[in-house]
Amino acid sequence: MSSPETDLVLYETPAPGIARIVLNRAKTANAQNTDLLYDLNEAFDRAAADNDVKVIILAANGKHFSSGHDVLERDHHDNQERRRPVTPFQQHRRPGAEGRMSREEELYTGFCERWRNIPKITIAAVQGKCVSGGLLLCWPCDLIVASDNAEFQEVTVAMGVAGVEWFAHPWEMGPRKAKEMLLTGEPISAQDALALGMVNRVVPLAELPDHTLALAQKIAAQPSFATKMVKQAVNAAQDAQGRHAAFQVAFALHHLAHSHWMEIYGVPVDPSGIHGSVKKNYAKGEEPFRAPPKETPKT
(Lines give C-alpha, C1' and ligand atoms only; values in the text may rest on other atoms or scores of the structure.)
Protein backbone atom coordinates (compact mmCIF):
# COMPACT_ATOMS: atom_id res chain seq x y z
CA MET A 1 0.00 0.00 0.00
CA SER A 2 1.46 3.36 -0.97
CA SER A 3 1.80 6.13 1.61
CA PRO A 4 -0.02 9.47 1.33
CA GLU A 5 3.31 11.28 1.22
CA THR A 6 4.73 10.07 -2.08
CA ASP A 7 8.21 8.78 -2.85
CA LEU A 8 9.45 8.48 0.73
CA VAL A 9 11.63 5.66 -0.54
CA LEU A 10 13.02 5.24 -4.05
CA TYR A 11 13.85 1.91 -5.67
CA GLU A 12 16.59 1.79 -8.30
CA THR A 13 18.52 -0.84 -10.25
CA PRO A 14 21.83 0.93 -10.97
CA ALA A 15 23.56 -2.17 -12.34
CA PRO A 16 22.76 -5.83 -13.08
CA GLY A 17 22.28 -7.75 -9.87
CA ILE A 18 22.07 -4.60 -7.72
CA ALA A 19 19.06 -2.94 -6.11
CA ARG A 20 19.49 0.47 -4.52
CA ILE A 21 16.91 1.63 -1.97
CA VAL A 22 17.07 5.35 -1.26
CA LEU A 23 15.57 7.20 1.71
CA ASN A 24 13.96 10.26 0.16
CA ARG A 25 12.93 12.64 2.95
CA ALA A 26 15.90 14.96 2.59
CA LYS A 27 13.97 17.98 3.93
CA THR A 28 13.55 16.20 7.26
CA ALA A 29 17.06 14.71 7.22
CA ASN A 30 15.33 11.41 6.44
CA ALA A 31 13.47 11.31 9.73
CA GLN A 32 11.58 8.05 10.09
CA ASN A 33 7.82 8.32 10.22
CA THR A 34 5.53 5.31 10.10
CA ASP A 35 5.03 5.43 6.34
CA LEU A 36 8.75 5.67 5.57
CA LEU A 37 9.46 2.59 7.66
CA TYR A 38 6.73 0.54 5.99
CA ASP A 39 7.80 1.76 2.54
CA LEU A 40 11.38 0.84 3.35
CA ASN A 41 10.34 -2.62 4.49
CA GLU A 42 8.35 -3.13 1.29
CA ALA A 43 11.37 -2.09 -0.76
CA PHE A 44 13.55 -4.62 1.07
CA ASP A 45 10.89 -7.27 0.45
CA ARG A 46 10.81 -6.39 -3.24
CA ALA A 47 14.59 -6.73 -3.55
CA ALA A 48 14.63 -9.95 -1.53
CA ALA A 49 12.00 -11.51 -3.79
CA ASP A 50 13.70 -10.52 -7.05
CA ASN A 51 15.84 -13.43 -8.25
CA ASP A 52 17.94 -11.06 -10.34
CA VAL A 53 19.01 -9.03 -7.29
CA LYS A 54 22.10 -10.28 -5.48
CA VAL A 55 23.09 -7.24 -3.41
CA ILE A 56 20.96 -4.48 -1.89
CA ILE A 57 22.30 -0.98 -1.23
CA LEU A 58 20.58 1.27 1.31
CA ALA A 59 21.35 4.93 0.62
CA ALA A 60 19.82 8.29 1.46
CA ASN A 61 19.23 11.52 -0.40
CA GLY A 62 20.23 14.83 1.13
CA LYS A 63 22.89 16.01 3.54
CA HIS A 64 22.23 13.43 6.25
CA PHE A 65 21.56 9.68 6.28
CA SER A 66 18.92 9.86 9.02
CA SER A 67 18.09 12.10 11.96
CA GLY A 68 16.20 9.27 13.68
CA HIS A 69 12.54 9.02 14.63
CA ASP A 70 10.26 11.73 13.25
CA VAL A 71 9.11 13.94 16.16
CA LEU A 72 6.63 15.77 13.93
CA GLU A 73 4.50 12.75 13.08
CA ARG A 74 0.99 12.64 14.52
CA ASP A 75 -1.75 9.99 14.38
CA HIS A 76 0.80 7.18 14.67
CA HIS A 77 -1.79 4.48 15.34
CA ASP A 78 -3.99 5.44 12.39
CA ASN A 79 -0.93 5.56 10.16
CA GLN A 80 0.14 2.11 11.29
CA GLU A 81 -3.27 0.60 10.69
CA ARG A 82 -3.26 1.66 7.05
CA ARG A 83 -0.34 -0.67 6.42
CA ARG A 84 0.04 -4.43 6.16
CA PRO A 85 1.34 -5.83 9.47
CA VAL A 86 4.78 -7.42 9.42
CA THR A 87 4.87 -9.03 12.88
CA PRO A 88 2.21 -10.48 15.20
CA PHE A 89 2.64 -7.45 17.48
CA GLN A 90 -0.52 -5.52 16.64
CA GLN A 91 -1.70 -4.42 20.11
CA HIS A 92 -0.58 -0.82 19.67
CA ARG A 93 -3.95 0.63 20.75
CA ARG A 94 -3.86 -1.12 24.09
CA PRO A 95 -3.36 1.31 26.99
CA GLY A 96 -0.10 1.94 28.76
CA ALA A 97 3.13 0.04 28.29
CA GLU A 98 1.38 -2.76 26.41
CA GLY A 99 0.45 -0.53 23.49
CA ARG A 100 3.74 1.33 23.28
CA MET A 101 5.79 -1.85 23.45
CA SER A 102 3.69 -3.53 20.77
CA ARG A 103 4.19 -0.62 18.37
CA GLU A 104 7.95 -0.72 18.82
CA GLU A 105 8.03 -4.52 18.47
CA GLU A 106 6.48 -4.06 15.05
CA LEU A 107 8.24 -0.96 13.70
CA TYR A 108 11.67 -1.15 15.30
CA THR A 109 12.81 -4.52 16.63
CA GLY A 110 10.57 -6.40 14.20
CA PHE A 111 11.73 -4.54 11.11
CA CYS A 112 15.39 -4.56 12.15
CA GLU A 113 15.45 -8.31 12.68
CA ARG A 114 13.81 -8.87 9.27
CA TRP A 115 16.32 -6.61 7.52
CA ARG A 116 19.27 -8.21 9.32
CA ASN A 117 18.19 -11.65 8.11
CA ILE A 118 17.36 -10.89 4.47
CA PRO A 119 19.06 -13.73 2.53
CA LYS A 120 21.00 -11.28 0.37
CA ILE A 121 23.92 -9.03 1.17
CA THR A 122 22.97 -5.50 2.21
CA ILE A 123 25.26 -2.46 2.19
CA ALA A 124 24.44 0.85 3.86
CA ALA A 125 25.94 4.01 2.34
CA VAL A 126 26.00 6.61 5.15
CA GLN A 127 26.70 10.32 4.84
CA GLY A 128 26.32 13.17 7.30
CA LYS A 129 24.55 12.50 10.56
CA CYS A 130 23.16 9.15 11.61
CA VAL A 131 21.44 9.76 14.94
CA SER A 132 19.83 7.23 17.32
CA GLY A 133 16.94 5.83 15.25
CA GLY A 134 19.17 6.22 12.19
CA LEU A 135 21.38 3.51 13.65
CA LEU A 136 18.42 1.13 13.30
CA LEU A 137 18.68 1.55 9.52
CA CYS A 138 22.40 1.04 8.93
CA TRP A 139 23.26 -1.43 11.71
CA PRO A 140 21.06 -4.26 10.37
CA CYS A 141 22.99 -4.09 7.08
CA ASP A 142 25.85 -6.50 6.47
CA LEU A 143 28.35 -3.84 5.43
CA ILE A 144 28.57 -0.07 5.93
CA VAL A 145 30.42 2.36 3.69
CA ALA A 146 30.67 5.81 5.27
CA SER A 147 31.52 9.15 3.73
CA ASP A 148 34.33 11.06 5.38
CA ASN A 149 31.80 13.48 6.91
CA ALA A 150 29.63 10.77 8.48
CA GLU A 151 28.89 10.87 12.21
CA PHE A 152 27.16 8.24 14.32
CA GLN A 153 25.45 9.44 17.49
CA GLU A 154 23.23 8.04 20.25
CA VAL A 155 21.30 10.70 22.19
CA THR A 156 18.68 8.68 24.05
CA VAL A 157 20.42 8.51 27.43
CA ALA A 158 19.93 12.24 27.97
CA MET A 159 16.22 11.52 27.70
CA GLY A 160 16.41 8.84 30.38
CA VAL A 161 16.42 5.79 28.09
CA ALA A 162 19.34 3.33 27.87
CA GLY A 163 19.71 3.24 24.11
CA VAL A 164 17.59 2.75 21.03
CA GLU A 165 15.18 -0.13 20.64
CA TRP A 166 17.47 -2.47 18.64
CA PHE A 167 20.46 -2.55 20.99
CA ALA A 168 23.35 -3.50 18.72
CA HIS A 169 25.91 -1.19 20.33
CA PRO A 170 28.15 -3.85 22.03
CA TRP A 171 28.31 -5.90 18.83
CA GLU A 172 29.06 -2.88 16.66
CA MET A 173 32.01 -1.52 18.66
CA GLY A 174 32.71 -3.58 21.76
CA PRO A 175 31.42 -3.03 25.30
CA ARG A 176 33.63 -0.15 26.47
CA LYS A 177 33.14 2.04 23.43
CA ALA A 178 29.45 1.17 23.46
CA LYS A 179 29.21 2.47 27.02
CA GLU A 180 31.12 5.61 26.05
CA MET A 181 28.86 6.26 23.06
CA LEU A 182 25.77 5.86 25.22
CA LEU A 183 26.96 7.66 28.34
CA THR A 184 28.44 10.74 26.64
CA GLY A 185 26.15 11.19 23.66
CA GLU A 186 29.18 12.34 21.69
CA PRO A 187 29.23 11.57 17.94
CA ILE A 188 31.60 8.97 16.54
CA SER A 189 33.38 10.17 13.41
CA ALA A 190 33.66 8.06 10.29
CA GLN A 191 37.36 7.44 10.90
CA ASP A 192 36.78 6.40 14.50
CA ALA A 193 33.92 4.15 13.36
CA LEU A 194 36.33 2.53 10.90
CA ALA A 195 38.90 1.92 13.65
CA LEU A 196 36.17 0.40 15.84
CA GLY A 197 35.03 -1.94 13.06
CA MET A 198 31.57 -0.35 12.93
CA VAL A 199 32.03 0.58 9.27
CA ASN A 200 33.94 -1.24 6.54
CA ARG A 201 35.24 1.67 4.50
CA VAL A 202 35.45 5.47 4.59
CA VAL A 203 35.49 7.36 1.30
CA PRO A 204 35.19 11.00 0.21
CA LEU A 205 31.58 12.17 0.17
CA ALA A 206 31.59 12.69 -3.60
CA GLU A 207 32.74 9.10 -4.13
CA LEU A 208 30.22 7.43 -1.79
CA PRO A 209 27.64 6.32 -4.43
CA ASP A 210 30.20 5.02 -6.95
CA HIS A 211 32.38 3.32 -4.35
CA THR A 212 29.40 1.58 -2.74
CA LEU A 213 28.12 0.43 -6.12
CA ALA A 214 31.55 -0.95 -7.07
CA LEU A 215 31.69 -2.89 -3.79
CA ALA A 216 28.19 -4.23 -4.40
CA GLN A 217 29.14 -5.36 -7.92
CA LYS A 218 32.23 -7.14 -6.59
CA ILE A 219 30.10 -9.07 -4.09
CA ALA A 220 27.39 -9.74 -6.69
CA ALA A 221 30.00 -11.55 -8.80
CA GLN A 222 30.26 -14.23 -6.10
CA PRO A 223 27.87 -17.22 -6.13
CA SER A 224 24.66 -16.00 -4.49
CA PHE A 225 24.12 -19.16 -2.48
CA ALA A 226 27.63 -18.84 -1.04
CA THR A 227 27.07 -15.23 -0.02
CA LYS A 228 23.81 -16.21 1.63
CA MET A 229 25.57 -18.94 3.62
CA VAL A 230 28.36 -16.56 4.66
CA LYS A 231 25.76 -14.16 6.00
CA GLN A 232 23.90 -16.90 7.85
CA ALA A 233 27.11 -18.29 9.34
CA VAL A 234 28.31 -14.94 10.67
CA ASN A 235 24.85 -14.01 11.98
CA ALA A 236 24.63 -17.39 13.68
CA ALA A 237 27.97 -16.78 15.38
CA GLN A 238 26.61 -13.55 16.85
CA ASP A 239 23.42 -15.23 17.95
CA ALA A 240 25.39 -18.07 19.57
CA GLN A 241 27.12 -15.39 21.65
CA GLY A 242 23.73 -14.42 23.02
CA ARG A 243 23.00 -11.45 20.78
CA HIS A 244 19.27 -12.02 20.46
CA ALA A 245 18.73 -12.73 24.16
CA ALA A 246 20.73 -9.63 25.08
CA PHE A 247 18.67 -7.54 22.65
CA GLN A 248 15.47 -8.72 24.33
CA VAL A 249 16.77 -7.71 27.76
CA ALA A 250 17.80 -4.28 26.45
CA PHE A 251 14.41 -3.82 24.81
CA ALA A 252 12.65 -4.68 28.06
CA LEU A 253 14.83 -2.15 29.91
CA HIS A 254 14.04 0.40 27.20
CA HIS A 255 10.35 0.03 28.01
CA LEU A 256 10.93 -0.01 31.74
CA ALA A 257 12.45 3.43 31.24
CA HIS A 258 9.44 4.61 29.22
CA SER A 259 7.08 3.40 31.94
CA HIS A 260 9.20 5.01 34.67
CA TRP A 261 9.08 8.45 33.06
CA MET A 262 5.39 8.08 32.25
CA GLU A 263 4.75 7.48 35.95
CA ILE A 264 6.77 10.52 36.98
CA TYR A 265 6.16 13.06 34.20
CA GLY A 266 3.34 11.70 32.06
CA VAL A 267 5.62 11.37 29.05
CA PRO A 268 7.75 8.30 28.24
CA VAL A 269 11.09 10.15 28.46
CA ASP A 270 12.79 12.50 30.89
CA PRO A 271 11.64 15.89 29.53
CA SER A 272 14.70 17.66 30.93
CA GLY A 273 16.83 15.79 28.42
CA ILE A 274 14.78 16.56 25.33
CA HIS A 275 16.74 18.79 22.97
CA GLY A 276 15.28 22.24 22.42
CA SER A 277 14.79 21.61 18.72
CA VAL A 278 12.63 18.62 19.62
CA LYS A 279 10.64 20.33 22.37
CA LYS A 280 9.41 23.08 20.08
CA ASN A 281 7.98 20.55 17.63
CA TYR A 282 5.45 18.82 19.82
CA ALA A 283 2.63 19.88 22.07
CA LYS A 284 2.02 18.24 25.43
CA GLY A 285 -0.15 15.19 25.08
CA GLU A 286 0.68 14.65 21.39
CA GLU A 287 2.68 12.00 19.64
CA PRO A 288 5.43 10.93 19.70
CA PHE A 289 5.54 11.42 23.46
CA ARG A 290 1.94 10.84 24.50
CA ALA A 291 0.54 7.72 26.07
CA PRO A 292 -1.78 5.60 23.91
CA PRO A 293 -5.45 6.58 24.45
CA LYS A 294 -7.01 4.87 27.41
CA GLU A 295 -9.62 2.22 26.82
CA THR A 296 -11.32 -0.40 28.90
CA PRO A 297 -8.91 -3.33 29.24
CA LYS A 298 -10.11 -6.53 27.66
CA THR A 299 -9.85 -9.69 29.69
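Residues are numbered from 1 along each chain as its sequence is written, and side-chain values use heavy atoms, with hydrogens and water left out. Since the model is predicted, local features need pLDDT of at least 70 and side-chain atom pairs count only at pLDDT 80 or more, while totals for chains, interfaces and linings use all residues.

Helices (H or I, at least four residues) and strands (E, at least two) are DSSP runs, numbered from the N terminus. Two strands pair if DSSP finds at least two bridges between them. Strands of a sheet pair through backbone hydrogen bonds, either parallel or antiparallel. Here, six strands line up as β1-β2-β3-β4-β6-β9 in an open sheet with mixed pairing. The edges are taken by β1 (9-15) and β9 (201-203), and each has a single partner strand, so one side of each lacks a neighbour in the sheet. On average, neighbouring strands of this sheet are turned by 25° against each other, direction ignored. (Axes are lines fitted to C-alpha atoms, for helices over the stretch in contact, and angles run from 0 to 180 degrees between N-to-C directions.)

Inside this sheet, β2 (residues 18-23) runs parallel to β3 (residues 55-60), and six bridges link the two. R20 sits opposite I57 in β3, and V22 sits opposite A59 in β3. Six of the six residues of β3 are buried (under 20% relative accessible area, with exposed over 50% and partly exposed in between, using a 1.4 Å probe and protein chains only). That is why β3 is largely enclosed by the rest of the structure. In a regular strand the side chains alternate between the two faces of the sheet. Both faces of β3 are covered, with V55, I57 and A59 buried on one side and I56, L58 and A60 buried on the other.

Helix α1 (residues 34-49) packs on the six-stranded sheet and touches β1, β2, β3 and β4 (121-126), where contact means heavy atoms within 4.5 Å. The direction of α1 makes about 30° with that of β1. Helix α1 also meets α3 (residues 96-116): their axes come within 11 Å and cross at roughly 30°. That makes the two helices roughly parallel (angles under 35 degrees; over 145 is roughly antiparallel, 65 to 115 roughly perpendicular and the rest oblique). On the α1 side, the contact is made by T34, L37, Y38, L40, N41, F44 and D45, while α3 brings R103, E106, L107, Y108, F111, R114 and W115.

The other sheet has three strands in the order β5-β7-β8, again open and with mixed pairing. Its edge strands, β5 (129-131) and β8 (188-189), each pair on one side only. β5 and β7 (residues 151-153) pair in the parallel sense over three bridges, and K129 has E151 in β7 as its bridge partner.

Finally, two loop residues are worth a look. Most residues other than glycine have a negative phi, and most peptide bonds are trans. N30, in the loop between β2 and α1, has a positive phi near 55°. With 0% relative accessibility, N30 counts as buried. S132 lies in the loop between β5 and α4 (135-138), and its phi is positive too, at about 45°. S132 is buried, with a relative accessible area of 7%.
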